[in-house]
Amino acid sequence: MDIQNKIALVTGAGRGIGRAIAMALAKEGAKVILTARSRKQLEDVAGEIQAMGGETLIIPADLSDEKQAREMIATAVRQMNGLHILINNAGLGYFRPVADLKIEEWDEMFSVNLRAVFLTTQSALPHLRHAKESFIINIASLAGKNTFVNGAGYTATKWGLRAFSQCLMLEERQYGIRVLTVCPGSVDTSFGGSGSPHSSKKEIIKPEDIADTIVMAIRMPQRTMVSEIDIRPTNP
Ligand code: NAP
């Protein structure tokens with residue numbers, strides 16, 4: 001896909017991996033819609049995109065709320081007049097043993113990491129089908145392929161997201177929608193706080209590396225779909 005002038009929506013675009021993806025797509029000439037809860041962070045990213053001469057729109061929304069998630073997509077499509085690329089990146093993790101994990105933490109992870117992806121995707125599908133050549137990219141994790149102590153809730157959301165994403169890929173390819181699941185290892189962001197299983201090594205993956213990989217996958221010709229990518233630190 002030629003990214004120039006395509007309309008792309010990135011969830012969790014205010015910081016970390018989502019911010020890097022939004023910036024990379026804007027550099028390639030996409031019109032980028034930014035969403036997350038923190039308006040200030042979205043405004044900062046939008047400012048950076050506008051400073052590069054890019055076109056962007058911010059739509060603050062709490063994606064754990066069905067109405068806000070669906071309205072966010074409707075507003076984006078209405079204001080930008082279409083949608084070609086949906087990046088489901090927003091997510092969070094609480095890392096504790098099952099014995100200590102709070103129900104509110106479990107529910108929030110499932111609500112944002114999995115349920116919100118269903119909501120945004122379902123709301124976007126008619127528009128992505130209409131575009132004929134379009135993309136859905138879901139940011140899962142290597143935690144969606146592995147298990148570890150303190151990761152029961154988070155890994156369950158990401159294993160679930162990979163399953164959702166792969167079923168979606170099989171359903172939507174006939175409409176020209178390519179679905180890519182990205183599974184990064186530990187990335188250098190503020191994600192997860194002190195309990196997360198992050199490497200303390202300097203060689204940790206940077207958010208820009210995830211963004212560059214996604215740009216490469218989108219650029220592949222329409223006949224070819226890269227459907228899942230693992231991204232690992234070379235020397236963890
Ligand atoms: P991050 O820096 O904490 O960013 C998370 C983003 O998600 C923020 O923009 C946040 O914005 C948004 N978000 C959280 N809850 C939300 C809600 N209820 N509604 C709307 N937006 C919400 O984390 P990150 O490291 O960039 O992670 C991005 C994605 O990559 C996540 O899905 C994560 O699971 C995945 N991942 C991360 C790593 C890693 O090591 N960092 C590795 C593998 C996969 P607000 O708080 O303003 O809403």
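**Ligand site**

The ligand is surrounded by 29 residues, and R37, S38, Y154, V187 and T189 are the closest; a residue counts as near if one of its heavy atoms lies within 4 Å. The model is predicted: local features need pLDDT of at least 70, side-chain atom pairs count only at pLDDT 80 or more, and totals for chains, interfaces and linings use all residues. Residues are numbered from 1 along each chain as its sequence is written, and side-chain values use heavy atoms, with hydrogens and water left out.

Polar contacts (pairs of N or O atoms within 3.5 Å):
- Y154 places a polar side-chain atom 2.6 Å from an oxygen atom of the ligand.
- A polar backbone atom of V187 is 2.7 Å from a ligand oxygen atom.
- For K158, an N or O atom of the side chain lies 3.0 Å from an oxygen atom of the ligand.

Cover and shell:
- On its own the ligand has 880 Å² of accessible area, of which the protein covers 96% (Shrake-Rupley method, 1.4 Å probe).
- α1 (16–27) and α5 (152–172) are the elements that give two or more residues to the shell; helices are DSSP runs of H or I with at least four residues, strands runs of E with at least two.

Protein chain:
- There are six helices and seven strands in the chain, in the sequence order β-α-β-α-β-α-β-α-β-α-β-α-β.

Conventions: Polar contact = N/O pair within 3.5 Å; in protein donor to acceptor, adjacent residues only side chain to side chain.
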